[in-house]
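Open the model in your viewer and keep the selection tool ready. We will go from stop to stop.

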Amino acid sequence: MPRLILTIESTCDETAAAVVAEDLTVRASVVASQDELHQRFSGVVPEIAARAHVQRILPVIDETLRRAGVSLAELDAIAVANTPGLAGSLLVGVVAAKTLALATGKPLLAINHLYAHIYACRMAAGREIFPCVGLVVSGGHSSLYRCAGPVDFIYLGGTIDDAAGEAFDKVAHMLGLPYPGGPAIARAAERGNSRAHAFPRALLFERERLDYSFSGLKTAVRYAIAGPGRPDFSAVTLTGQQVADLAASFQAAVVDILVAKAILAVERTGLKRLCVGGGVAANRALRALLAAETEARSIDLVIAPPELCTDNAVMGAIAFERLRAGQFESLDLDAVPGLVRHAS
Ligand code: KG4
Ligand code: ZN
């Protein structure tokens, strides 16, 4: 009988839990999305997210155990994503996990949420993915890592301002599209002309840098809507085709930059594999360009399947790597909201 871990995820606006086995089979996975709570604000409101986690965390854990058909006593460890994320959101998961660990006497394991996004590729690939370059593109982060092994990540570069997903969400708001913006922009872009607007691709030609910047792109979209130098777009009414063209041109700019730097990271490190995870990795245009550019260079590409791109607890199976390495946490485990850039 393989060992079993309960994994808990509450870093942003999804309350999730899973029971995963050491052979990486998923016994149960529950994700309670808060999208409908944040929709009218066009972005995640941290206080609302934290409060919703408090209400949902126990029902989500109960339902996960019920679906898995296992009791707390049958678990080998409790794991929780404690970094990075929203402070109030992270705390809910951390307190729940510590309480369960204390009550059951089971070992406690920490999960780095960004590393878990890369581990979603390992779950889906069904084969070893390390060493690789890891690209995490989510609502809160856009980061490149040299991943020597599952608990051995070195930060290579990332966004110096907005995350790619955040840019999708903000631009969607400007275009009058719903939250979360990524899927809405992708849908609108299907009817649009990606060459209608020549949006900037920041840092694209700075080949010594593995960094991203999306805030200038956001401003360029704003001016394209309201007119040069005019930040207020609220009175502007766009036609469906204008929205589609803006969405397609914006998406093409984001995708170009993400792919170019990821390829550069692979070339710089001399590694032969690129693994991509995080909510934005669900984007079909991004997946298509990644596939084309890696194929042209004989780079092995693994992208997490769409259902494991957005936040979930299944990818928390990375905790087995810590279990095997004996890296247990004490009940002092804290939530660490900020991005830790050095190796784990
Ligand atoms: O990984 P995730 O679920 O949460 C964080 O850890 O942040 O990522 C959420 C982000 C949101 O910004 C959402 O707009 C974006 O992922 N996203 C997408 C797509 N699906 C979700 N962005 C572009 N295209 C998509 N299809
Ligand atoms: Zn995430």
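Select Glu22 and Arg3. They form a salt bridge, with the closest N and O atoms 2.9 Å apart. A salt bridge here is a side-chain nitrogen of Lys or Arg within 4 Å of a carboxyl oxygen of Asp or Glu. Glu22 sits in the loop between strand 2 (14-21) and strand 3 (26-33), and Arg3 in the segment before strand 1 (4-9), so the pair ties together parts 19 residues apart in sequence. Strands (E, at least two residues) and helices (H or I, at least four) are DSSP runs, numbered from the N terminus.

This is a predicted model: local features need pLDDT of at least 70, side-chain atom pairs count only at pLDDT 80 or more, and totals for chains, interfaces and linings use all residues. Residues are numbered from 1 along each chain as its sequence is written, chains are lettered from A and ligands numbered from 1 in the order written, and side-chain values use heavy atoms, without hydrogens and water.

Arg3, Glu22, Glu321 and Arg324 are linked in a network of salt bridges.

Next, select Arg127 and Asp300. Their side chains meet in a salt bridge (3.0 Å, N to O). Arg127 lies in the loop between helix 4 (113-125) and strand 6 (132-137), and Asp300 in strand 10 (residues 300-303), so this pair ties together parts 173 residues apart in sequence.

Last stop: Thr294, in helix 9 (residues 284-296). Is Thr294 buried or exposed? At 2% relative accessibility, it counts as buried. Buried means under 20% relative accessible area, exposed over 50%, partly exposed in between (1.4 Å probe, protein chains only).
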